[in-house]
Amino acid sequence: MSVTVKIPTQLRSVTGGESDTEVEDAGTVGDVLDRLYERYDGLRSRIAEDGDLRRFVNVYVGGEDIRFLDGLETSVEDGDEVTILPAVAGG
Amino acid sequence: MSVVSLSCRECGEQYALEASYVCEVCFGPLEVRYDLSGLDAAETRRKIQAGPASIWRYADFLPFDKPPRSALGAGMTPLLRADRLARELGLGEVWVKNDAANPTHSFKDRVVTVALAKAQELGYQVVACASTGNLANSVAAHAAAAGLESYVFVPSDLEEQKILATGVYGTKLVAVQGSYDDVNRLCTELSSDRDWAFVNVNLRPYYAEGSKTLAFEIAEQLGFEVPDRVVVPVASGSLFTKIARGFDEWHQVGLLDRGAPTMNGAQALGCSPVAQAFEAGHEVCRPVRPKTIAKSLAIGNPADGPYALDLARRSGGSIDSVTDDEIREGISLLARTTGVFTETAGGVTTAVLRKLAERGDIDPSERVVLVITGEGLKTLDAVRGTFDTTVVEPTVESFEAALSQDLLAAA
C-alpha cells in the first residue's frame, strides 16, 4: 500500500524541490511523517516540536483536517492523499 | 521610509519584502517590520493631518517605500457618538466606528487597498482571495478599478447579496462546495504553484497591515487619544490583533500617550473557537465546524487564534460569543439606537457589547468604541420577519382606521 504526500512550497528546499512523494506501508499519519523525517534531512525541526506538530502546521487526509480525526494517530489507507500546509492563511 | 523587512512572529527570522507569508524555519507567520525610530511625533502628526482623506494619510505606517496611488481607496469612515445606545446599555460613552461606509461596504477595503498596491508593486497581473463574502466584494471591485484580473473563491452557500455584489465587477467567481476552511485550504494549495497574488495567503503580511488603519482613524478622530476599550469581531483574529498593533505603534512614536486599550473580541456561538479557548484557558484554538448566521465570521480554523487569545488576556479584555438570536437582536439594537444598519458580524459585535455591559465588565466612566465592520444590506435574511408592516388602502380613512386599531403603535 502507498499514500501520496503533498509538500508545500515552504518545505521544498528540504525535499530537493519535490512537490509530492509516495510513502509505503504506513499505518497512521504519524508513521507517514516519521518516514518523511527519515527521508528528508531537516524536515522534522521545520514542522514538529516536542513530538507534536508545530502550531502553525496543518495536516489533512483526503482534505480533512486531522484535528477532526485522530490527530497523528489518524489511520491512512492505500491511495490516501496526505497534505501538509501552513496554517497562517485566510481571514 | 520606515518599512524594513518581513519577520517571523515566532522565531524572528528575517525575510525580504516579497510575496511570502510563512517562515521556512518554523512555519510561523511573517509580519512586516518597521523602523519607527526616525519618526518625530509632531512632524508625523502634521503630515497625517495634511494627508489624503484615505488610509494613505497613514503611509508612514504601511509597508511601502513610496505611498502608492489606488483607484478606489478606503478609509476615513465616520466615528459616531452613540449616546442612545450607551443609555440603553447603562454605559457612559459609546462610539460606533462605521466601517460599512467604505467603497464596498466593509472594512475589507482597507486590507485589499494595501494588498493590491503591494501586488502591483511586485508585478502581479492576477489577484485572488479566499473569502467569506466581504473580501470577495472588495477584491473584485478593487481589481476592476486597478485593471487586474481576479479570481475570487467563496463557499457555495454564501448569502446571495454577497455573491451578486461580487460577480457584478466581472471577476472570475468560484463557488467551492465546502466550508470557508475548505476554501482556505484550496487557496493555500493553489498559491504554492500559481503565480497569483492571493491577498490573504501569500500577500497576507501586507494585507493584514491595512487593519491597523482602523486604530489610527479611531485615535485621530478622538483627537489623538486612545479609548478605554474597543470591541471587535473575531474571525481569523487578524483584525483584532492589528487594531491593537496600530495603537501600540502610535504610542511608540509618541502620537498617543498609551498603547492598546482593553480589547474585547466578539464571535458567534456557532463558530467560536477563539471564545471557547479563551474560556477554557487554552493558548491555542481547537478548530470547529461553523454553523451560524454570521457567515462573514465563520472561520472554524482561525490563523491568528493564539495571538488573539494572548492579546485579550494581556489587555484585560475577553473573547465572548453570542447566539444567532442575540445577533439578530444586536442588529436591531444598533439600527434603532444609532441609525446604523449592520450585517450579522456587526450584530455579533453589538450583542457582545450588550453582554459585557450586562455582566458589569464595563465601568460607566469608560469610553468604548464598537467596531462595525460591514453593511446590513449584505445579509438581509437576518432581519426578515423581525418587524411588521401595516398595509392600508390608499385612503385617509383606511390609514386612520389602522392607526386607531393601534396597528401602527409599534412603529
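Predicted model: local features only at pLDDT ≥ 70, side-chain atom pairs only at ≥ 80, totals over all residues.
Phe27(B) has 28 other C-beta atoms within 10 Å, and because 20 or more are needed to count as buried, Phe27(B) is buried. Where does Phe27(B) sit in chain B? Phe27(B) is found in the loop between E2 and E3 of chain B.

The backbone of Phe27(B) is worth a look too. Most residues other than glycine have a negative phi. Phe27(B), however, is not a glycine and has a positive phi of about 70°.

Look for Asp25(A) in the loop between E2 and helix H1 (29-39) of chain A.

Is Asp25(A) buried or exposed? Asp25(A) has 10 C-beta neighbours inside 10 Å, so it counts as exposed.

In chain B, 3 strands form an open sheet with antiparallel pairing, in the order E2-E1-E3. Strand E2 (14-15) and strand E3 (30-34) of chain B are the edge strands, and each pairs on one side only.

How many bridges join strand E1 (residues 3-8) of chain B to E3(B)? There are 5 bridges, and the two strands run antiparallel. You can find Leu6(B) opposite Val32(B) in E3(B).

## The layout of chain A

Now let's turn to chain A, which has 2 helices and 7 strands. Starting at the N terminus, its elements follow the pattern β-β-α-α-β-β-β-β-β. The radius of gyration of chain A is 12 Å, close to the 12 Å that the globule rule gives for 91 residues, so chain A is as compact as a globular protein of that length.

The C-alpha atoms of chain A fill a box of roughly 30 × 30 × 25 Å along the principal axes. Of its 91 residues, 40% count as buried. Take the contacts in chain A between residues at least 6 apart in sequence: 55% of them join residues at least 24 apart.

## The sheet of chain A

Chain A has an open sheet of 5 strands with mixed pairing, in the order E2-E1-E7-E5-E6. Its edge strands are strand E2 (20-24) and strand E6 (64-65) of chain A, each pairing on one side only.

Strand E1 (residues 2-6) and strand E7 (residues 81-86) of chain A run parallel and are joined by 3 bridges. One pair to look for is Thr4(A) with its bridge partner in E7(A), Glu81(A).

## Where the two chains touch

Which residues take part in the contact? Chain A gives 23 residues and chain B gives 31 residues. On the chain A side, helix H2 (43-47), E5 and E7 each supply at least two residues, and the largest share, 3 residues, comes from E7(A). By class, this side of chain A has 11 nonpolar, 7 polar and 5 charged residues.

Helix H6 (residues 180-193) of chain B lies across strand E5 (57-61) and E7 of chain A, and runs at about 85° to E7(A).

## The domains of chain B

The domain assignment of chain B gives domain 1 (79-105 + 211-383) and domain 2 (108-206). Taken over C-alpha atoms, the centres of these two domains of chain B are 24 Å apart. In the contact between them, 20 residues of domain 1 meet 17 residues of domain 2. The domain 1 side has 7 nonpolar, 9 polar and 4 charged residues.

Notes
Residues numbered from 1 in each chain as written. Chains lettered and ligands numbered in written order. Helix = DSSP H or I, 4+ residues; strand = E, 2+ residues; numbered from the N terminus. Rg over C-alpha atoms; globule rule 2.2 N^0.38 Å. Buried ≥ 20, exposed ≤ 12 C-beta atoms within 10 Å, placed from the backbone. Contact = placed C-beta atoms within 7 Å. Pairing = 2+ DSSP bridges. Axes fitted to C-alpha atoms, helices over the stretch in contact; angles between N-to-C directions. Domains from an automatic or database assignment. Nonpolar A, V, L, I, M, F, W, Y, C, P; charged D, E, K, R; others polar.
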